[in-house]
Amino acid sequence: MSRDSNYDHHISIFSPQGRLYQMEYAFKAANTSSGLTGVAVRGKDSCVVVTQKKVPDRLMDPSSITSVFAITPKIGCLCTGMSADAKALVQRARYEASDFQYKYGYPIPVAQLARRIADLAQVYTQSASMRPLAAVTLLIGVDDEKGPQVFKVDCAGHYLPFFGTASGNKEQEATNFLEKRVEAMKNYTADETARCAIMCLGSVLGSDFRGSEIEVAMVEGDGGKFHSLTEEQIENHLNAIADDADALGSDFRGSEIEVAMVEGDGGKFHSLTEEQIENHLNAIADDADA
């Protein structure tokens, strides 16, 4: 990469092309340093985060290794990037949530917490005496007014709500997987939301895994608390996904079956066209590949 006059020496200096090279390096570190991929999915009344669990040393206690953190009893997050930066960010988020409740007398909403974390991240891009935190945060929680919420906060201070999103090493591949299911996600139950996130991670990694090799955490229902799933619960979801794949049976084309349905209040009985049936078959095949 050509850097005229070494414009990457300070974070507060723009290059002639209008780029902040230090921020580009921060994004690179956040996406690749941990080697992890994180996925967040928002369902009808729940939201889920899933990521890999890698223990770097066999002598380490596996229970001490995590990328999933509780910020308040009802809000949690998944951080990908440099683990030390992620823990510093989580600690500050907990302080901000506690301070908000002390000042205003009610728990901080997910959107407000995302905005506050993003504001702090953005400040780090303006001073040469600081460096941005090399971590991307996926926040989940169920808002009392707006229902389930998923927010993504990056190194530069962008924060946006999502139906489904990803971060880390295989971010783009995971995003492509989720885009195909964005309409269906809105009606997913808690179990379907968890399985969609797990299938997404399995699809981008291209391998099967056991319950001890991934982390799954979720918030479900009004008043639901953020909690991590046990290995047994994760294994149950993995078995259900495998059973669904096995139940697909033999392959056939849209012209070889008939599908008819009635949907919604006042809906009319109608048969699906071959093209519509093919779309369903393709979606089933994608789930099986995952």
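## Salt bridges and a helix with a buried face

The structure holds 7 salt bridges, and since this is a predicted model, the values given here describe that model.

| Pair | N to O distance | Accessibility of the partners |
|---|---|---|
| Glu 96 and Arg 92 | 2.8 Å | Glu 96, 8%; Arg 92, 34% |
| Glu 171 and Lys 152 | 2.7 Å | Glu 171, 24%; Lys 152, 14% |
| Arg 210 and Glu 213 | 3.3 Å | Arg 210, 52%; Glu 213, 28% |

### Pairs within and between elements

Glu 96 and Arg 92 both belong to helix α2, which covers residues 83-104, and because they are 4 residues apart there, about one helical turn separates them. In general, an α-helix has 3.6 residues a turn, so residues three or four places apart point the same way. Of this pair, Glu 96 is buried, with a relative accessible area of 8%, whereas Arg 92 is partly exposed at 34%. Their salt bridge also belongs to a network, in which Arg 92, Glu 96 and Arg 116 are linked.

The salt bridge between the side chains of Glu 171 and Lys 152, at 2.7 Å from N to O, joins two elements. Glu 171 lies in helix α4 (residues 171-179) and Lys 152 in strand β6 (residues 147-153), so this pair ties together parts that are 19 residues apart in sequence. Here Glu 171 counts as partly exposed, at 24% relative accessibility, while Lys 152 counts as buried because its value of 14% is under the 20% limit.

Arg 210 and Glu 213 form another salt bridge, with 3.3 Å between the closest N and O atoms. Arg 210 counts as exposed because its relative accessibility of 52% is over 50%, and Glu 213, at 28%, counts as partly exposed.

### Helix α3

The buried residues of α3 are Val 110, Leu 113, Ala 114, Ile 117, Ala 118, Leu 120 and Ala 121. Seen down the axis of α3, these buried residues fall within an arc of 160 degrees, so they line one face of the helix. What covers them includes helix α2 and the strands β3 (68-72), β4 (75-81), β5 (135-143), β6 and β7 (159-161).

Methods: Residues numbered from 1 in each chain as written. Predicted model: local features only at pLDDT ≥ 70, side-chain atom pairs only at ≥ 80, totals over all residues. Heavy atoms only, no water. Salt bridge = Lys/Arg side-chain N within 4 Å of Asp/Glu carboxyl O. Helix = DSSP H or I, 4+ residues; strand = E, 2+ residues; numbered from the N terminus. Buried < 20%, exposed > 50% of the residue type's maximum accessible area, 1.4 Å probe, protein only. Arc of directions from axis to C-beta. Contact = heavy atoms within 4.5 Å.
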